[in-house]
Amino acid sequence: MRVIIKDNYEEISKSAAELVKNRILNKSNLILGLATGSSPLGLYKELVKICENKEITFKKIRTFNLDEYYGLSPDHLQSYRYFMNVNLFNHIDIDKKNTYVPDGLAKDIDKFCNDYEKKIKNTGGIDLQVIGIGGDGHIGFNEPGTSLASRTHLVILDEQTIGDNARFFNSVDEVPKAAITMGVGTVLETKEIILLANGIKKAKIIAQTLEGPVTSMITASSIQLHPKVTVFLDKEAASELKRISYYNFVEKQLAKMAISL
Ligand code: GLP
């Protein structure tokens, strides 16, 4: 696992965008896993810029989003489909038909979830998965206690998550109580993961995730089992890590060896 610590949010966004750009330049039909939340917003802004500058194209790219609120239609202002359109897809040259977000209105939930997994498999699998981290250490919407082998499924949200996400709704009562999310097992099967976190609020959970034991009580800690992970943190989110000087030392040495992202 590579842990990259930068001074601020803008720098982690730029650095993560550099990695995504390099992967797209290496594979024009990359299968990209995407996340919502505020953490990847800066990365998406950078990708829009890079695409506008014609450094990369998304014409052959297919994307799969991690999760969607259950009960929200794609045009609901707080749906993750809407979020992705407004913050990324509307501004890049991607064919929206190649962008998949779980269906928040799926009637046969099990069938939908199995089909989502099949769709991912049929592409050959996700090459690069972007993730953020929830306040309780969830990835996607995999709340504490979710099996580390879980696949795409319906989840009832934790009260902490409902509270955390209430800031996007008029009131906490409006926050959906359920979601469809890729499972932890689905995320671990991707070929590469990048995790983005910023701000002091994430410091404790980041330290537990990266330097604590692997546990289903913090589903993000499962990334310790993944062979190819890069974590992008600002100084605040990194502030409770014990091995900061080692992570910085690694980056210095890699830079000297001209090993880039
Ligand atoms: C939601 C999403 C997660 C995201 C988390 C953190 O719960 N389902 O994928 O990582 O929010 O959001 P933020 O980046 O705004 O802190």
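Let's start with charge pairs: the structure holds 13 salt bridges, each a side-chain nitrogen of Lys or Arg within 4 Å of a carboxyl oxygen of Asp or Glu. Side chains of opposite charge can pair when their charged atoms come close. One of these bridges joins the side chains of Glu 10 and Lys 14, at 3.2 Å from N to O. Both residues belong to helix α1 (residues 9–26) and sit 4 residues apart, about one turn of the helix; helices here are DSSP runs of H or I with at least four residues.

Keep in mind that this is a predicted model, where local features need pLDDT of at least 70, side-chain atom pairs count only at pLDDT 80 or more, and totals for chains, interfaces and linings use all residues. Residues are numbered from 1 along each chain as its sequence is written, and side-chain values use heavy atoms, leaving out hydrogens and water.

Now for the ligand. It has 13 residues around it, and the closest are Ser 38, Ser 39, Asp 67, His 138 and Lys 202 (a residue counts if one of its heavy atoms lies within 4 Å). What is the make-up of this shell by class? There are 3 nonpolar, 7 polar and 3 charged residues, with Gly counted among the polar ones.

Asp 67 also has a side-chain N or O atom 2.8 Å from a nitrogen atom of the ligand.

Definitions and conventions. A polar contact is a pair of N or O atoms within 3.5 Å; within protein, one must be able to donate a hydrogen and the other to accept it, and residues adjacent in sequence count only if both atoms are side-chain atoms. Helices (H or I, at least four residues) and strands (E, at least two) are DSSP runs, numbered from the N terminus.
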